Amino acid sequence: MAATTIEGLVPRMRQVCGAANVITDPLELRTYECDGLTAHRMVPALVVLPGTAGEVAAVVAECAKAGVPFVARGSGTGLSGGALPHPDGVLVVMSRMRKILEVDPVSRRAVVEPGATNLSVSKAAAPFGLFYAPDPSSQVVCSVGGNVAENSGGAHCLKNGFTVHHVTGLEIVTPAGELTWLGDGTGVTTGYDLLGAFTGSEGTLGIVTKIVVKLMPLPETVHTLLAAYATTSDGGRAVSDVIGAGIVPAAIEMMDALSIEAAEAAVGCNYPEGAGAVLIVELDGPACEVEGELATVRALCEAAGATEIRAADDPAERAVIWAGRKSAFAAVGRISPAFIVQDGVVPRTSLGEVLARIAALSADAGIRVANVFHAGDGNLHPLVLYDDASPAQTEAAEELSGAILDTCLEHGGSITGEHGVGVDKSRYMPKMFNADDLDTMQLVRCAFDPASLCNPGKVFPTPRLCGEVPGHRRAPHPAVAAGLAEIF
Amino acid sequence: MDTERAVVSQIRAALEAACSATRDGAAADSVAGVTPAFVASPASTAEAAALLGAAATHDLTVVPRGAGLGLGWGLPPSSCDLVVDMALMGDVIEHAAGDLVARVQAGATIGHLASVLAQAGQQLALDAPPDATVGGVVATGMAGPRRFRYGAPRDLLIGLTAVRADGVVAHSGGKVVKNVAGYDIGKLFSGSQGTLGLITEATFRLHPLPVAVVYVTAEFGSSDRAGAAAAVAAAAGSALVPSAVELDWPGGSSRPLRVGVLLEGTAAGVAERATRMSERLGGAAGSPIVAVSPTAPPRWGQLPSSSTVVRTTFWVAKLPAVLDALVAAGEEAGVRPAVSGPAGAGALYACLGPHTEDDAAVRFIAALRDRLTRVTQGSAGPRGSVVVLAAPSSVLTTAGAYGPVPGAALMRSVKDQFDPGYRMFPGRLAGGS
């Protein structure tokens with residue numbers, strides 16, 4: 001039945017998007033079967049590539065009318081399966097909508113299409129001395145629309161915040177197929193902050209078609225320090241001391257011995273030999289502030305027992321230091337046939353305890369874990385290494401991965417800091433939130449998407465039946481009666 | 001009558017059973033002129049949940065109250081059976097200094113929170129009145145000058161506990177800054193003005209207190225609006241990392257305009273940045289009088305006391321047009337608005353004095369909306385708004401609190417889901433005209 005419904009949609013989709021932008025060929029459909037999380041695969045029934053907001057609205061309206069589920073996809077770099085297609089649904093691929101529509105340097109705002117890559121925004125802003133702050137590691141390819149869906153962070157969100165802090169307006173297509181704006185474009189909200197609630201909703205509340213983003217002045221000075229330690233707990237002490245000194249660095253990243261080894265093998269990053277941990281601290285801002293902070297950070301890093309400290313003051317040197325860190329995920333692929341990237345968060349002060357626990361869990365399971373993490377905000381990316389040819393190892397790795405999230409929750413943390421829940425972690429949601437919490441979140445879902453057609457099966461372990469929406473039961477407000485305003 | 005009395009005493013008994021600190025409402029409890037039948041002060045989230053559960057059972061309309069500072073702003077409730085007063089929930093529950101996070105009961109005052117955080121050299125980076133409550137600040141979404149750097153309450157809120165209209169307790173977020181698990185209900189409650197439920201606890205990310213602060217001001221002659229606007233843009237676009245870029249223009253076209261910039265950092269750092277910021281402000285356009293001071297200029301972050309407050313938001317490049325429109329709308333309506341606010345962040349408040357005739361206020365609002373339509377309604381989407389935050393209710397109902405509000409239909413759907421009986425602060429929020 002689903003197949004016939006989809007077939008019925010094809011002619012109309014071709015009318016809307018153009019025949020070349022509607023994919024029905026099974027082989028071609030397969031290329032969209034997964035996003036950055038390849039463990040989950042599902043071939044979509046149909047792929048469409050709309051070219052305008054109006055086309056997206058028309059596509060969604062057709063889906064809504066036919067009761068067919070739809071899933072939006074940006075660049076497909078997500079790490080939680082948020083863009084995993086629905087087998088009986090339409091995959092709406094945003095890659096044709098990648099224009100930077102406007103850069104207003106005086107207002108420090110840009111308007112971009114959702115398929116535009118994260119980095120392309122900063123490139124467009126650079127001639128004006130501005131940049132777009134959120135910088136996920138995949139920024140060369142990941143799309144701003146995807147960033148909005150996931151509320152993406154990046155290494156520098158410690159100081160500058162996440163996508164939600166840098167988006168001031170969204171044009172969306174609602175799950176009913178209507179175009180509407182959220183936010184007045186300035187960042188100052190009126191009424192419920194739907195702009196904020198939509199950002200990070202993982203594509204379940206609608207499809208973004210235009211994004212107004214804040215641009216920030218490029219920092220005057222950037223300094224990067226690399227400090228090597230015998231252990232991650234020594235490095236962790238340096239992190240606590242820096243934060244305790246009232247300094248908010250642009251980024252504080254840490255890698256443990258195994259991830260250093262992997263990065264070394266992959267990109268020859270030439271980190272200090274034999275280091276049990278490396279800490280990368282980046283400071284930016286006006287020179288007159290940063291120079292003082294740099295001296296303080298260096299002293300604190302030394303006092304915490306750094307075995308070596310390197311400083312980078314120009315972009316080329318900085319790139320060398322960052323090369324190892326940025327390659328880490330891909331690099332572990334060289335030392336392990338398969339791996340799971342986790343994304344748990346713990347309060348920064350619990351880092352040492354949690355790392356020790358992960359080490360113990362890893363030893364017990366006989367599964368290696370490489371740790372790469374945003375130490376400044378307690379966001380861990382344990383890379384659980386296993387051989388996917390062995391069912392026993394695969395199972396043990398998944399178990400270990402879950403135990404790591406349990407540890408994060410026990411310490412008052414979160415199951416995901418930036419990768420999202422998607423399909424991958426929905427089963428952990430009831431561990432973090434109780435039934436009433438999840439029910440309340442689903443009220444939002446019901447408000448936006450009562451038919452549950454928009455990226456269904458993501459975020460929440462079980463759907464909620466939305467039921468009838470009751471109407472007003474009270475006498476209308478005078479202003480409503482006078483036809484002046486809608487009041488609630 | 002007897003039946004009515006019986007019902008009232010039955011309701012009173014139910015509320016008292018839920019929350020021992022329940023009493024009859026008095027004139028002093030009135031919300032924008034509406035006196036509640038009952039006032040209850042829950043001492044915990046559990047008690048608040050029982051209270052709202054009882055209110056739901058008896059179909060009571062409910063108005064949450066913190067310090068009450070914002071209750072007179074906006075439309076009065078169309079009905080108010082029960083005021084839920086948060087005075088007994090005033091504790092800072094947890095200050096994790098090493099994590100730069102604090103979990104606070106909604107009735108805690110900003111002043112109390114600040115004194116606790118200051119002991120560890122930390123702050124909640126919001127400029128709100130010390131007697132305002134944390135819940136009130138989140139519910140109204142008000143932010144002062146440092147909105148420019150740190151954002152509004154929604155930008156600092158990382159976890160929320162709220163009681164729904166049906167008495168169900170809901171948590172979202174958590175106590176880690178970086179967290180994308182689940183929908184962010186805290187965002188939804190930001191600016192909700194009590195219409196979605198009762199905020200009982202909030203968790204915030206904190207910032208270190210700066211070692212030194214300095215204010216750089218540039219005063220422009222009354223005719224030099226363009227110069228002031230250029231200075232605002234120059235300050236806001238500089239890499240000197242200002243924490244606030246304010247404009248203060250106390251009395252219409254005949255008074256000078258003052259641009260104020262706050263710099264936070266180390267003593268030596270802010271001194272050097274102040275020198276460079278002075279050059280920027282002076283060099284932008286016009287010939288302002290530039291001054292540097294360790295203390296805030298007069299009226300910093302304060303709205304002139306006034307009965308009508310109109311908030312205009314805009315893209316900063318349009319500031320000259322906004323200032324022109326404010327003058328023209330004032331002349332057209334025969335009023336002289338006092339204008340101030342975080343212009344560098346794209347917002348200004350135009351305030352009319354308490355003796356302003358209702359007709360004149362209505363004309364001013366209409367004229368301003370009319371003149372700013374092209375500024376705020378870009379062809380590629382909204383670029384700002386004109387919203388009446390406070391006004392006599394006759395002005396509010398005639399002029400309308402809001403112009404077109406993006407997403408108004410979705411806000412209505414959210415309200416339908418969270419409060420299907422329309423019992424939470426009924427009549428307060430307008431979803432657009």
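**Exercise 1. A parallel pair in chain B**

How many bridges join strand β2 of chain B to strand β4 of chain B, and do the two run parallel or antiparallel? Then place this pair in its sheet.

*Solution.* A word first: this is a predicted model.

Step 1. Begin with the pair itself. Residues 38–40 of chain B make up β2, residues 82–85 make up β4, and three bridges join these parallel strands. Across the pair, B:Phe38 faces B:Leu82 in β4(B).

Step 2. Widen the view to the whole sheet. It is open, with four strands of chain B in the order β1-β2-β4-β3 and mixed pairing. At its edges are β1 (22–24) and β3 (62–65) of chain B, each of which pairs on one side only. From one strand to the next, the twist averages 20 degrees.

**Exercise 2. An edge strand and its faces**

Find the partner of B:Pro64 in β4(B), then decide whether the residues on the two faces of β3(B) are buried or exposed.

*Solution.* Step 1. Four bridges link β3(B) and β4(B) in the parallel sense, and B:Pro64 has B:Val84 as its bridge partner in β4(B).

Step 1. Check each face in turn. B:Val62 and B:Pro64 lie on one side, B:Val63 and B:Arg65 on the other, and all are buried, leaving both faces of β3(B) covered.

**Exercise 3. A hairpin in chain B**

Trace the hairpin of β8(B) and β9(B), and find the residue with a positive phi between the strands.

*Solution.* Step 1. Strand β8 (residues 157–164) of chain B runs antiparallel to β9(B), joined by five bridges. B:Gly159 and B:Gly173 stand opposite each other in this pair.

Step 1. Four residues lie between the strands, and B:Gly167 takes a positive phi near 90 degrees.

Step 2. Look at burial: five of the five residues of β9 (169–173) of chain B are buried.

**Exercise 4. The sheet of chain A**

Describe the seven-stranded sheet of chain A and the helices that lie on it.

*Solution.* Step 1. The sheet is open and antiparallel, in the order β15-β12-β14-β13-β17-β18-β16. Since β15 (308–312) and β16 (338–341) of chain A have a single partner strand each, one side of each is left without a neighbour in the sheet. Neighbouring strands are turned by 15 degrees against each other on average, direction ignored.

Step 1. Take one pair from the sheet. Six bridges connect β13 (residues 251–256) and β14 (residues 277–285) of chain A, and A:Glu253 is set opposite A:Ile280 in β14(A).

Step 2. Now the helices. Helix α11 (residues 315–335) of chain A packs on the sheet, its contacts including β12, β13 and β14 of chain A, and its direction makes about 115 degrees with that of β15(A). Helix α13 (residues 391–410) of chain A lies across β16 and β18 of chain A, at about 165 degrees to β18(A).

**Exercise 5. Core and interface**

Which residues touch the most other members of the largest nonpolar core, and what does chain B place against chain A?

*Solution.* Step 1. The core has 299 residues, and A:Val59, A:Val92, A:Val278, A:Leu279 and B:Val232 touch the most other members. Helix α8 (residues 225–236) of chain B gives the largest share, nine residues.

Step 1. Zoom in on A:Leu279. Among the residues that A:Leu279 touches are A:Tyr229, A:Ile252, A:Met254 and A:Cys301.

Step 2. Turn to the interface. Here 91 residues of chain B contact 96 residues of chain A. Helix α13 (residues 408–418) of chain B gives the most to its side, with ten residues. That side has 42 nonpolar, 35 polar and 14 charged residues.

Terms used
Residues are numbered from 1 along each chain as its sequence is written. Chains are lettered from A and ligands numbered from 1 in the order in which they are written. This is a predicted model: local features need pLDDT of at least 70, side-chain atom pairs count only at pLDDT 80 or more; totals for chains, interfaces and linings use all residues. Two strands pair if DSSP finds at least two bridges between them. Axes are lines fitted to C-alpha atoms, for helices over the stretch in contact, and angles run from 0 to 180 degrees between N-to-C directions. Two residues are in contact if their C-beta atoms, placed from the backbone, lie within 7 Å. Ala, Val, Leu, Ile, Met, Phe, Trp, Tyr, Cys and Pro count as nonpolar, Asp, Glu, Lys and Arg as charged, and the others, Gly among them, as polar. A nonpolar core is a set of buried Ala, Val, Leu, Ile, Met, Phe, Trp, Tyr and Cys residues joined through C-beta atoms within 7 Å. A residue is buried if 20 or more other C-beta atoms lie within 10 Å of its own, exposed if 12 or fewer, and partly exposed in between; C-beta atoms are placed from the backbone. Lists of a residue's contacts leave out its neighbours within four places in sequence.
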